[in-house]
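Let us walk through a protein chain one piece at a time. Keep the picture beside you as you read.

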Amino acid sequence: MTNGMTFLAGIDDLPLRTGRAFRPWSYSVSHRCLVLRTWEDDTKPALELEFKNVLAMKLRRSFDQLHVSEVVDGVPEIDEFADISDEDREFFRTLLLSGGTHQGFVVCSRMQLVTL
């Protein structure tokens, strides 16, 4: 990757267990890009989890020991909330985010985990 980033995993590598806490870092409305990031730690490189072409999301202020998995059969509440048309359904994936007792989701077309 450029800018000193190293690619670690993508959407096709799910499920993903990081063992690290993440928090929402940024969201670009114009690019529909969501970024979650780990806290600063001198002993480990910072990690950034980027979701591209985001249609819908439900997030907590933080996720301990973040685990990301893909919904295979769909969740009616998420599908209704995301309002994906039948012709666009093949381009998007529903990802569940969990960490500790908190859960959320992101509906997007791409995801990547990188070191900073």
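Start in a loop. Asn 53 sits between strand E5 (47-52) and E6. Its phi is near 55 degrees, which is a positive value in a residue other than glycine. Is Asn 53 buried, exposed or partly exposed? Its relative accessibility is 25%, so Asn 53 counts as partly exposed. Keep in mind that this is a predicted model.

Gln 65 lies between E6 and E7. Phi of Gln 65 is near 45 degrees, again positive in a residue that is not glycine. Gln 65 is exposed, because its relative accessible area is 58%, and exposed means over 50%.

Now step back to the whole chain. It has 1 helix and 10 strands. Along the sequence, the pattern reads β-β-β-β-β-β-β-α-β-β-β. The C-alpha trace spans about 45 × 35 × 25 Å along its principal axes. How does the radius of gyration compare with that of a compact globule? For 116 residues, such a globule would have a radius near 13 Å; the chain has 14 Å, so the two agree. Buried residues make up 41% of the 116 residues. Take the contacts between residues at least 6 apart in sequence: 66% of them join residues at least 24 apart.

Next, look at how strands line up. An open sheet is formed by 5 strands, in the order E2-E7-E8-E9-E6, with antiparallel pairing. Strand E2 (16-17) and strand E6 (56-58) stand at the edges. Each has a single partner strand, so one side of each is left without a neighbour in the sheet. E2 is joined by 2 bridges to strand E7 (residues 67-70), and this pair runs antiparallel. Arg 17 has His 67 in E7 as its bridge partner.

Pro 15 is found in the loop between strand E1 (6-10) and E2. The peptide bond from Leu 14 to Pro 15 is cis, with omega near 5 degrees.

Another pair of strands makes a hairpin. Strand E3 (residues 22-28) and strand E4 (residues 33-38) pair in the antiparallel sense over 6 bridges. Arg 23 stands opposite Arg 37 in E4. Between E3 and E4 there are 4 residues, and Arg 32 in the turn has a positive phi of about 50 degrees.

From Arg 32, turn to Arg 89. These residues are 57 apart in sequence and 17 Å apart in space, C-alpha to C-alpha. Arg 89 is found in the loop between helix H1 (76-82) and E8. With a relative accessibility of 36%, Arg 89 counts as partly exposed. Not counting residues up to four places away in sequence, Arg 89 touches Asp 79 and Ile 84.

Those three residues also meet at a pocket. Arg 89, Asp 79 and Ile 84 are among the residues that line the largest pocket. Its volume is about 150 Å³. Which classes of residue make up the lining of the largest pocket? There are 5 nonpolar, 2 polar and 4 charged residues.

Thr 94 belongs to that lining too. Thr 94 is in strand E8 (residues 93-99). Thr 94 is buried, because its relative accessible area is 11%, and buried means under 20%. Leaving aside neighbours within four places in sequence, its contacts include Glu 70, Val 71 and Asp 79. Glu 70, Val 71 and Asp 79 line the largest pocket as well.

Technical notes
Residues are numbered from 1 along each chain as its sequence is written. This is a predicted model: local features need pLDDT of at least 70, side-chain atom pairs count only at pLDDT 80 or more; totals for chains, interfaces and linings use all residues. Side-chain values use heavy atoms; hydrogens and water are left out. Buried means under 20% relative accessible area, exposed over 50%, partly exposed in between (1.4 Å probe, protein chains only). Contact means heavy atoms within 4.5 Å. Two strands pair if DSSP finds at least two bridges between them. On a 1 Å grid over the protein atoms alone, a cavity is a set of points where a 1.4 Å probe fits but cannot get out, and a pocket is an open set with protein on both sides within 12 Å along at least five of seven lines; lining residues have an atom within 4 Å of a point. Grid points are joined across faces, edges and corners, and a volume is the space filled by probe spheres set on the points. Ala, Val, Leu, Ile, Met, Phe, Trp, Tyr, Cys and Pro count as nonpolar, Asp, Glu, Lys and Arg as charged, and the others, Gly among them, as polar. The radius of gyration is taken over C-alpha atoms; the globule rule is 2.2 Å times the number of residues to the power 0.38.
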